[in-house]
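Please read the points below with the sequence and the model open side by side.

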Amino acid sequence: MNKLLLMLLLSSIPLTAKGQSSIGVDNFDWEIRRGVTVVEFWAGWNRGNEILFLHELNNCRAYRYIIRRDRLLLERFKVSAAPTLIVFKDGEEKFRFAPNIMLKVTATREQVQSAINDL
């Protein structure tokens with residue numbers, strides 16, 4: 001009985017890192033439609049270069065789009081490497097932070113926050 005209860009409890013925990021909310025194709029347009037939204041286009045194989053400060057950003061909603069689930073948004077937004085960070089305002093792309101040749105985004109939390117604050 002305890003094992004069953006533990007399994008049920010663990011299955012209800014979302015599979016997101018560090019308070020990170022995931023976004024998918026089905027709810028992408030809905031989530032970015034109003035206000036400022038930051039989306040990290042993320043790949044599990046590049047876990048060492050994930051953007052760890054995303055949940056620390058203020059005055060925005062932050063999501064992770066896991067590219068292995070569906071490549072449709074990669075084509076739509078011309079994302080060619082992961083991680084890529086895109087800042088949207090009312091559904092329109094305003095800023096993009098792309099990775100360098102080592103597939104690491106070099107922008108700091110302060111730089112991304114400054115871009116958000118400018119909107």
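1. Over the ring of which residue does the charged end of Arg33 sit? The charged end of Arg33 is placed over the ring of Trp30, 3.5 Å from its centre, where a charge sits over a ring if NZ of Lys or CZ of Arg is within 6 Å of the ring centre and within 35 degrees of the ring normal. Arg64 has its charged end over the ring of Trp42, 4.4 Å from the centre of that ring.

2. A word on the basis of these values. This is a predicted model, in which local features need pLDDT of at least 70 and side-chain atom pairs count only at pLDDT 80 or more, while totals for chains, interfaces and linings use all residues. Residues are numbered from 1 along each chain as its sequence is written, and side-chain values use heavy atoms, with hydrogens and water left out.

3. The count of aromatic pairs comes to 7, taking rings of Phe, Tyr and Trp (its six-membered ring) as paired if their centres lie within 6.5 Å, with planes under 30 degrees apart counted as stacked, over 60 as edge-to-face and the rest as tilted. The rings of Phe28 and Tyr65 have centres 6.4 Å apart and planes at 75°, so this pair is edge-to-face. Because Phe28 lies in helix H2 (residues 28-32) and Tyr65 in strand S3 (residues 61-66), the pair ties together parts that are 37 residues apart in sequence; helices (H or I, at least four residues) and strands (E, at least two) are DSSP runs, numbered from the N terminus.

4. Phe28 also forms an edge-to-face pair with Phe88, at 5.7 Å centre to centre and 85° between the planes. This pair links helix H2 with strand S4 (residues 84-89), the two residues being 60 residues apart. Phe88 counts as buried because its relative accessibility is 0%, buried meaning under 20% relative accessible area, exposed over 50% and partly exposed in between (1.4 Å probe, protein chains only). Ring pairs link Phe28, Phe41, Tyr65, Phe77 and Phe88 into a cluster.

5. The whole structure holds 7 salt bridges, each a side-chain nitrogen of Lys or Arg within 4 Å of a carboxyl oxygen of Asp or Glu. Glu40 and Arg64 meet in one of them, at 3.1 Å from N to O, and both residues are buried.

6. Glu56 forms a salt bridge with Arg109, with the closest N and O atoms 3.4 Å apart. Here the loop between S2 and S3 is linked to helix H4 (residues 109-118) across 53 residues. Glu56 is partly exposed at 39% relative accessible area, and Arg109 is partly exposed at 29%.
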